Amino acid sequence: MRSTANDSDEPLTPAGRLFLQPSTNQVIHCVIGVKNPIDVDSIKPLIRDSLMLQHPRFTSLMVRNHRGFEHWRRTEVDIDRHIKVIANPISATAGDDESAINDYLAELCMDTSGLSTDKPLWEVHFLIAHKCLIFRIHHALGDGISLMSMFLASCRKVEDPEAPPTIVSFDRKKSSGRNWRDWRNVWGFVVTLWFCVIFSIDFVLRCLWVRDRRTVISGGAGVEDWPRKMATAKFRLDDMKVVKKAVTNATINDVLFAIISSGLSRYLDFRGSNGLKNGIRITGLAMVNLRPQQGLQEQEYVRRAKAMIDRKKRSLEAYFSYTVGDFVMSNLGAKFACLLNYRIVCNTTFTISNVVGPQEEIMLGGNPITFLRAMNSALPHALTLNMVSYAGRADMQIQVAKDVIPDPKFLAKCFEDALLEMKDHAIAKS
């Protein structure tokens, strides 16, 4: 939407401008399953009075001035324009609610029209027959962590209807209060510096020409326009904790990456018998939160994943890549930053994100929530993984380009079986 300047307009953040570029236009889909039938009229007041609509970005239009720069402009919100109600079942061929919801999500992530700019960039879809709500929120409004916090502010605990949900990050550790005069910490500084150099060089090379070798799960330029399929892998957090305890100082994220490594190995072995023998390197892009905090073969996957992640943590690669992106956006503009981001995605194989949800069961408008899931718009990757934990469980949405990975449900089973075998080995070891 083109418009003349307004003194009250607020410029978009660099990340917001990036996510509005055609090749990196991203919408986040927050999927909420509920126990009881949905009463749309009771949900509307909750949305109207929510923290979400108290945030300026959710009550603002995205406008561009005569120079093409994007701004937020406050406007009146008509709730009815943001709500889409689908009363009938999504598909007669889908065998269950989960398959029907995933079919609908697969269509949404291919919606090239995105969200209309004649209203604030969010919508809520009610799938009445499947007891499901889908919040469609443009990535320019926020990331998964901030959006999860805003959503939970409108929820209450099932056991205590007056209490808001609680979220505990499993992987945050307190500082050990290191003394840098200790020679061991000097060595630690040298190691950190070394990893910073290595991973920064790798990042630069990825921006230029280095890319993963092609496999049966590889994507590439233009793959974001290919038809999609969805599946859901389900895990118990207790099983992940059993595996975590079997490896010293491991975290839930270490276990998650071990599951992905083992699961993809199984899938590649199934699709091509020589895929693993060639020592193929598969690179994933992991979404990292830079904000300050408010024995056996299967066990070997955890140790290898932990070692890899520890090396990443000891480097400043995440800060370096953010700084490079911010520099390019600020000095060369959104188009160059978009090109850089698109090239990195094309040179890697998959994307993974993990959002920590509430530990206990919660309800929205008095209706208990049965699951929380998330996914984003299609990327040049043929494989995108988005995991959200909730009430002792973790659901990972598996989004694939179906012409590349035709059997996402089998891939989901590979991930689920990987965790169960790791748990069995961990129990046997203990």
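The buried residues of helix H4 (144-152) pack against strands E2 (27-34), E7 (132-138), E11 (350-355), E12 (362-364), E13 (367-376) and E14 (383-390). Helices (H or I, at least four residues) and strands (E, at least two) are DSSP runs, numbered from the N terminus. In H4, the buried residues are Leu147, Met148, Met150, Phe151 and Leu152, where buried means under 20% relative accessible area, exposed over 50% and partly exposed in between, with a 1.4 Å probe and protein chains only. This is a predicted model, in which local features need pLDDT of at least 70 and side-chain atom pairs count only at pLDDT 80 or more, while totals for chains, interfaces and linings use all residues. Residues are numbered from 1 along each chain as its sequence is written, and side-chain values use heavy atoms, with hydrogens and water left out.

E11 and E14 also belong to an open sheet of 5 strands, ordered E9-E15-E14-E11-E10 with mixed pairing. Strands E9 (228-236) and E10 (284-286) each have a single partner strand, so one side of each edge strand lacks a neighbour in the sheet. From one strand to the next, the twist averages 20 degrees. Two strands pair if DSSP finds at least two bridges between them; E11 and E14 run parallel and are joined by 6 bridges. Val355 has Val388 in E14 as its bridge partner.

Helix H7 (residues 252-271) packs on this sheet, touching E9, E10, E11, E14 and strand E15 (393-401). Contact means heavy atoms within 4.5 Å. The direction of H7 makes about 150 degrees with that of E11. Axes are lines fitted to C-alpha atoms, for helices over the stretch in contact, and angles run from 0 to 180 degrees between N-to-C directions.

H7 also packs with helix H6 (residues 237-245), at an angle of about 100 degrees and with the axes 9 Å apart. The two helices, H6 and H7, are therefore roughly perpendicular, a class that covers 65 to 115 degrees, with under 35 counted as roughly parallel, over 145 as roughly antiparallel and the rest as oblique. Met240, Lys241, Val243 and Lys244 of H6 meet Ile252, Val255, Leu256 and Ile259 of H7.

The structure holds 0 disulfides, a disulfide being a pair of cysteine sulfur atoms within 2.5 Å. Cys155 is buried, with a relative accessible area of 0%, and Cys414 is buried at 6%.

The chain averages a pLDDT of 83, and 83% of the residues score at least 70; pLDDT is the predictor's confidence in each residue, from 0 to 100. Over residues 170-183 the pLDDT is below 50, and this stretch has 16 contacts beyond near neighbours in sequence in the model.
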